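Have a go at each task before reading on to its solution.

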Amino acid sequence: MTNNITIGLLAHVDAGKTTFAEQLLYHTEAIRSRGRVDHKDTFLDTHEIEKARGITVFADQAEFSYGHSRYFLLDTPGHVDFSPEMERVLQILDYAVVIVSAVEGVEGHTETVWQLLRSHKVPTFFFINKTDRTGADPQRVLNEIRQLLSSDAIMLPELDAGDVNEELRSFLAERDEALFEAYLDGSLDEPAWKEALVKLVRQGKIFPCMAGSALLDEGIGSFLRNLDALAVTEYDYRLPFAGRVYKVRYDDKGTRITYIKALQGVLKVREELTCGPAGKRISERITGIRRINGAKTAAAEWAAAGELFAVTGVTAAGPGEGVGELEDTIESGLVPALKSKVCFEPPVHLKEVLQAFQQLGAEDPSLNVSWDEILQELQIQVMGQIQLEVLEQVLRERFRIQVTFGDPEILYMETINSMVYGCGHFEPLGHYAEVHLKLEPGERGSGVTVHNKCHPDHLAIGYQNQIVQVLLEKGHHGLLTGSPLTDVQITLLSGRAHNKHTSGGDFREAALRALRQGLEQAENVLLEPFYDFKIRIHADHVGKVMSDVQQASGSFTAPEMNGETAVLTGKVPVATFMNYPVRLASMTQGKGALSLRAGGYQVCHQAGQIIGMKQYDKNADPAYQSASIFCAKGQAYAVPWDEAAGHMHVKPDL
């Protein structure tokens, strides 16, 4: 039976990833001629934007067969601005291939890719590319991989050429206790050693490396033979269908196409598929199945475990979400640290811009498209300036809409630093709802979490669920700058309904007022995004770089010295370090290496200055009220947040 194996190609930009993909497809007779990035005729970079820029922007896929396996190949973006697109692909990979230049070696984005692969536990191969170029040194690069990424990397001989040699056996034995015993007593035969090698690669305990030149077609055949010998999967088509969505696109006719990796079972056209986020799952009918190969699509009647395919008819499932028997969602670890406003002028109308961004937001959830009612602005979140330039081009070519973007701004967030109780009451004539909450600081990076400790005797389960859903919605914001609220743990304590007057959105109003009333009492804190950085420089530059980091309000551990090379690691605010790559390149004549990864949010180092600059009026949002509404003698009246607790009808157990 044929193995279905999904492999992803990842690299720092310009490491030769797309050229490597062309060679794999040519060697396996999936394409008849090899394209080149500089000739703008590659099989996978088919979008005009990719051809014009010479970089991969969208994660495209192809199929090829080799040996007894069918491979689904995903070429991912190498530029840091498109990292969320790359990370969504990692969720469905069986194996990854990291391309590293034999000249430049391990670069900044390579380290980011490596950390993501390890967090998703993806078995990984390395291909040291461009060995034909002047200055290429595969052994030096292998040493860098071992030093900077993993000491479990090893240059792999061609397995078909002979036995697992002595050096490789010793390397394997050092990483597995049972193998070590067998190695000492010589009890394993050749097939057993090969089986152990396959197992350790699959478990992510060793990382095979190979080398060659994709441009000159050197080392590709050997890589394919080793890949075929080591890559294995065990998908079961007999189980009920389960899959994971890894991409959403809209075709030229506006039809929503949902890309799925089948993890088990078989899915057929016209079958019902359960999908959607937890708590909101629905069944939708599959109206079509498509097999995607580069720019080509072909209709199919079914798709089976281990395959990548696309479906029409599904509207409720987004990237990262499970479908069928799989109900979990994998959240992205890469959160944009910048936001930008969308600018447009007549004859472009807001409605058509919103429709376009609704599609783009479904395709790339990291955009977090939102409408700011107070500023009357459409805002998006982005990774960097290149992403904005590409979005401009996409909107112009795909939607025929001319827009520009405001300069990217830091995306701040807010949290609280103390535990408080919040209460909200909503009782205009003919309505009634009361909600009591506890608000506590959450762990950094935890977002807004909601717990329910309300007893059914106090409030019906249906009303409790309404309150929880309101609190779980995105869009809650703090009181200092109006920035998104995060890292807050909310507990529903109690509430009250009226048998006759409680209706529709009453508990929504009461819950939001309780949240706001709690925030009014809390010690509010402004947060800003930080980078985790790693800088590799000549020892002569250590003092300058440490001084730069300190001036940027960053922190670092003692530098690690290795001969004349120093490695400095630490954390630094995005706001003060965004443009540092240019300064480092100038200072080191391009020889310094900088790796920046999203390091989460920390207390803002210049909170007073930012709050003053934002001039946010917390009382200007009519949809975010702190006052509670009560009713007496047929007349509704408002009670300010600081007096509301004394008017509440429920006294919860605190």
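**Exercise 1: a covered helix**

Task: find which residues of helix 3 are buried, and what covers them.

Solution. Step one: S83, P84, E85, M86, E87, R88, V89 and L90 are the buried residues in helix 3; buried means under 20% relative accessible area, with a 1.4 Å probe and protein chains only. Helices here are DSSP runs of H or I of at least four residues, strands are runs of E of at least two, and both are numbered from the N terminus.

Step two: helix 3 spans residues 83-90, and eight of its eight residues are buried, so by the cut-off above it is mostly covered.

Step three: the cover includes strand 1 (3-11), strand 3 (69-75) and strand 8 (242-250), together with helix 4 (108-119) and helix 10 (350-363). Contact here means heavy atoms within 4.5 Å.

A note on the basis: this is a predicted model, in which local features need pLDDT of at least 70 and side-chain atom pairs count only at pLDDT 80 or more, while totals for chains, interfaces and linings use all residues. Residues are numbered from 1 along each chain as its sequence is written, and side-chain values use heavy atoms, leaving out hydrogens and water.

**Exercise 2: the cores**

Task: which residues have the most contacts inside the largest nonpolar core?

Solution. First, the term: a nonpolar core is a set of buried Ala, Val, Leu, Ile, Met, Phe, Trp, Tyr and Cys residues joined through side-chain atoms within 4.5 Å. The largest has 45 residues, and F357, I380, F405, I535, V545 and F577 have the most contacts inside it.

Then zoom in on F357: beyond neighbours within four places in sequence, F357 contacts V342, V369, L378, I380, L395 and F405. Apart from this core lies another, of 42 residues, including A62, Y71, I220 and L224.

**Exercise 3: the whole protein**

Task: how many helices and strands are there, and what share of residues is buried?

Solution. Count the elements: 18 helices and 34 strands. Then take the share: buried residues make up 52% of the 654.

How values were computed. Buried < 20%, exposed > 50% of the residue type's maximum accessible area, 1.4 Å probe, protein only.
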